[in-house]
Amino acid sequence: MKVKTNILSFLLIGLSILITSTFAGEMRKTFDFSEREISFKRENNYDAVLIRRCFPSAEIGKPQLPIKPVNFLIPSDAKVENITVSSQSIELSGEYNIIPAQIPKIIGADWQWTEPNPEIYNSATPYPERVAELVNEGYFSGRKIASILIYPLQYIPREKKLILNTEIIVTLQCSSATNTGVYPLRMLPETEKTFKKMIESMVVNSNDAERFSPRAEIVEPSIPQKFAPTKGPSQTGSPISYVIITNDELANTFQTFADWKTKKGVPAVVRTLSWIRSRYDGQDDQERIRNFIKDAFINWGTVWVLIGGDVNIIPYREASMRFYYHDLLRVSTDLYYACLDGNWNADGDDKFGEIDDSTDLYPEVFVGRASVENTFEANVFVTKVINYEKTSATQLPDYYTKMLFIGEDLFERGDSKGLCDTIADYHIPVYFQKARLYEDGNWSNNLRHSQVMDSLNQGFALIYTQNHGGPEFLRLGASQSRRLTKNDISSLTNGNRQSIWYCITCGANKFQYDCFSERFLNNPNGGGVAFIGSTTWDAPWSFFSIDTLFFDYLFSDFYRIGEALHLSKAYFIPVPYIQMAQFGKMLLGDPEMPVWTNTPQPMSVKHLPEIPLGPNLFKIRVTTPPPSVIPVTQSLVCVMKDNEFYAYGFTDENGEIIFNICPESPGNISVVVTKHNCETYEGTCQAVPKEPYVSFADKKIIDRTGNGNEVPEAGEIILLPVWLKNMGFGTAYNVNATLFTNDTFITVTQLQSFFGNIYQEETRLGEPPYEFEIDKDCPDNHQVYFALDITSDQGQYKDTLIITIQAPRLIHFRHIVDDDTIPPSRGNGNGYAEKEETIELPIVLRNEGLGQGDDVTAILGCDDPEVIILNNLVNFGSIPARKEKGNTGNHLLFRLSPNWQGKIPFTLTITDRYEHIWYDTFYLVKMVAPEGLSAAPGRDYIDLVWSPLQGTNLLGYNVYRRTDTLNPYSRVNELPITNGTYFKDLGLERAKTYYYAVTAIDSSRNESYYSLELVAKTNPPDQFGWPRKMRAGALASVVACDFDRAYPGLEVIAADYEGTIYMWHYDGTGVISPDGIFADTKKPVYASPAVGDIDRDGQLEIVTLHTDFDSVCSYLR
């Protein structure tokens, strides 16, 4: 046995000798490996070598050796510059013919053996040369992770020798980095605690988790406040943990779901796509939605995101990737909404998630989708999830610890059985009852269709399956009749015994279709509450590590389904061949939903049944039921009353928590107590009036010195009439109230208002109105908390008044170089600034804030002596929030001398009525127009794509449209398109011709000429009798022919993924049946049907090509 010591240093590109980071130093970790951890097995006359807690390498044709992915947590403002690796190694005795790495086996795809790479296998150089390498750096919720791949074994192919690196010491040298990733500016204590635990579970230097975490403001939720989230994300107002994104039709249904989340201590809001479109820009709805989620994560501290609707309501992002024999694999994914760093399109084309896009796959938020299309389905989803969270052991005593495994032979006998049994025996607790239905190579009775349906109707808490199949079905064996179809799933009747299904089947979760997973979630009489599966191909062996880690996390501290899934995938981001699972393995369901991992235990909750109006110390005690009466610690307790107060926190070591609450009106106080694997408690405490109690009722904003829009804006003086109401018992005499605030942007100038006597249930206006001044530097969307100290002859009362201040934010948005020959300009009229020209410069400003800009002016300046400014001042009047406006009257005017070079910038100073000042510097340069504009029309939209321009000063692009060549263009996008060269133009008329052009714009707001015009036309209206609905999705084109010569016109023939062949007459009526079904082949149809007189009998036949891991032609008359 030989022992060697190696020291290697790998220098990364871009080494900086100037270190200015707050952290610059080394991080070191030692990894030990033992011969006892190594095992071998024979495959195809080769040796496959395994090491515990390692994964096979996947460089196809090269020796397949174990790799160990490890993650280091480094400071968010640091980067890894250099890796130094030292190792102790031994040579293993014997000779080894190491198997070459193979293309992963994809369910449903052809697979071929890859021969060894002769260059590698004839070499005497150890493979791989490096025993450790940096493969990725990314941000996990503002925490930066550097991922390393370690190779414990090296192989000398010519000598057939294996070298074991028994000790590998990895040292990272870090220096400063300019990027710090996306991180929250505030968060809740439980969020900080959860993310800290996640990071500790993922990295090898867990002791640094506290030191290297972002410093966000921690909002204490146990202090009662009004639940008052801002309309848009803000650092003021209530923090929001949970966001639901849906459309206007489904908003009320999902509001019920948000109310439940809020009520149990997970503050939630619903925001619609129409609202997002009005507030956020982007090249398509996906980017607008992601921009909103990013804003919510940063300013609200959002953790959970539910996509509330099917893909026609809230679209998915299509990620593009290479996967071995697929040059370009397009994967439907919602991961785009979870991973918020970067833009997923660094190379600026129309494809997202490519290797060239430097896509950061670490999540900032946890995302799930409720794939519903109407209020009925949305109500089914909401009801099922809420009932799941509230179920008790007395209702379903034998349900919570039951798990079903279903496995079909995938490539060889018993292969899926082995995978399922590994999950069952090593990753699921022993107290679970495990039912196993396997094909096991002999079509045994326990995998018959009836047996599977009977098991599903029993209602297992968890299901894990490994099967061939697709979006429409799961195969139960080689026989085509043994299938579990989506129609079977719709017929399940397991009631409240709702399942969570983790499915390994290609495309079973392909949610852009009416697919298997959607039927499972949307079944009102059974099915389940969550489905995890692939939207694309699935590779059971290559992705199996994600499966095992998911269940390991689920049965630990990460029992919420969204965090368990995202975390199990994030651990394997350094492993390149798992990227398809990163994109494709998606959750249909509520990401925050706690999964029952044991039978829920009852809790005994004690609190007062009623309290008087006004301040109260309200204690809740949580214990186990008598006779044990053991304190239940860390149970989540939430109390709330209407819009008066909201607070939540966790019980202490005595099982107690005390809230200082102040009910202002009679009614119920909600008390909800939850804890994982404990039954939910819902109770109330009655707030009762026992004497007069006066509180705030209403207000009015009068912007006395402002613009009269009744919106409090920075710089204004506000009159504030206030109404108080007596919600108590009896009359409150001689009521007056004092208004004050500690907000540094507010000065209260009229503190007191008098209300006289307020009778029981009466509302009264105070005189005089309050008055306060808003500082001109008050930020936009800033919430101010005013305190009202109210006194009467009967007592004192306190209340809170929240007012949101808006402010303008003006930017130089665009300009036009007018160098024509019409005075006062004088030039050649080419639209570019050139020597010896006199130029008019019409300016457009944009108000990015929510407050109106009034009496806006802009002053032009330039320090270049070769520029003579003739008119430096222009006026704009008022610019409303989120609008743009050009200057009124004369334009800016200047003359360029013969020596002008354009190297000294112009300056623009923008001011308004309240002396807000904004500055911009810009250059006047020529921009090149984009090329390669093309279109892909749809029903009511047109997708536009063009070739990207190169240049460091490029800001983005503008898209222009007109309906005929006689009218001028109108800009379609509100803000420049900065994330690639793609735009979806929505809301168009059917069968209408549109004319498009694209311009480029730089950071100085210079805009190019129009590109060459493109003419595109939306799809025509559906003909009478169309469209026709098929039972399943189609992967092939339709055929039109005169099949039925006795009927006028041609017939249309189509086939779907379930093997159904359809034939309709030209008017949409079915040839044989009303729904158009002509025949059922029982096999998926992947190719277009063909029609011909096969047997030369004078009649046409239909020919279809099927594939179910073989090829069969079927002839149907």
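Student: What does His 782 touch, leaving aside its neighbours within four places in sequence?
Tutor: Its partners are Thr 236, Asp 743, Phe 745, Ile 803, Thr 804 and Ile 805. Contact here means heavy atoms within 4.5 Å. This is a predicted model: local features need pLDDT of at least 70, side-chain atom pairs count only at pLDDT 80 or more, and totals for chains, interfaces and linings use all residues. Residues are numbered from 1 along each chain as its sequence is written, and side-chain values use heavy atoms, with hydrogens and water left out.

Student: Why is His 782 called buried?
Tutor: Buried means under 20% relative accessible area, exposed means over 50%, and partly exposed is in between (1.4 Å probe, protein chains only). His 782 has 12% relative accessibility, so it counts as buried. His 782 is found in strand E45, residues 782-792. Strands (E, at least two residues) and helices (H or I, at least four) are DSSP runs, numbered from the N terminus.

Student: Is Lys 510 buried or exposed, and how do you know?
Tutor: Its relative accessibility is 19%, so Lys 510 counts as buried. Lys 510 lies in the loop between strand E25 (499-504) and helix H10 (516-522). Beyond residues up to four places away in sequence, Lys 510 touches Pro 471, Cys 515, Ser 534 and Thr 535.

Student: How many residues separate Lys 510 and Ile 839 in sequence?
Tutor: They are 329 residues apart in sequence. In space, Lys 510 and Ile 839 are 57 Å apart, C-alpha to C-alpha.

Student: What makes Ser 542 buried?
Tutor: Its value is 16% relative accessibility, so Ser 542 counts as buried. Ser 542 sits in the loop between strand E26 (528-534) and H11. Not counting residues up to four places away in sequence, Ser 542 touches Pro 104, Tyr 577 and Ile 578.

Student: Now the helix pairs. What are the angle and the axis distance for H7 and H11?
Tutor: Helix H7 (residues 415-426) and helix H11 (residues 544-554) pack at an angle of about 25°, with axes 10 Å apart. Axes are lines fitted to C-alpha atoms, for helices over the stretch in contact, and angles run from 0 to 180 degrees between N-to-C directions.

Student: Why is H7 called roughly parallel to H11?
Tutor: Angles under 35 degrees count as roughly parallel, over 145 as roughly antiparallel, 65 to 115 as roughly perpendicular and the rest as oblique. The angle is about 25°, so H7 is roughly parallel to H11.

Student: Which residues make the contact of H7 with H11?
Tutor: H7 gives Leu 419, Thr 422 and Ile 423. H11 gives Phe 544, Asp 547, Thr 548 and Phe 551. By class, this contact has 4 nonpolar, 2 polar and 1 charged residues. Ala, Val, Leu, Ile, Met, Phe, Trp, Tyr, Cys and Pro count as nonpolar, Asp, Glu, Lys and Arg as charged, and the others, Gly among them, as polar.

Student: Which residues of H7 are buried?
Tutor: They are Asp 415, Ser 416, Leu 419, Cys 420, Asp 421, Ile 423 and Ala 424. The buried residues of H7 pack against strand E20 (402-407), strand E21 (433-438), strand E22 (462-466) and H11.

Student: What makes H3 and H6 roughly parallel?
Tutor: The axes of helix H3 (residues 251-264) and helix H6 (residues 375-390) cross at roughly 20° and come within 8 Å. H3 and H6 are therefore roughly parallel to each other.

Student: Which residues does H3 bring to its contact with H6?
Tutor: H3 brings Thr 253, Phe 254, Thr 256, Phe 257, Trp 260, Lys 261 and Lys 264. Among those of H6 are Ala 378, Phe 381, Val 385 and Glu 389. By class, the contact of H3 with H6 has 8 nonpolar, 4 polar and 4 charged residues.

Student: Is Glu 836 buried or exposed, and how do you know?
Tutor: At 52% relative accessibility, Glu 836 counts as exposed. Glu 836 lies in the loop between strand E47 (810-815) and strand E48 (838-841). Its phi is near 65°, a positive value in a residue other than glycine.

Student: Why is Ala 991 called partly exposed?
Tutor: Its relative accessible area is 32%, so Ala 991 is partly exposed. Ala 991 lies in the loop between strand E61 (982-985) and strand E62 (993-1002). Ala 991 has a positive phi of about 55°, although it is not a glycine.
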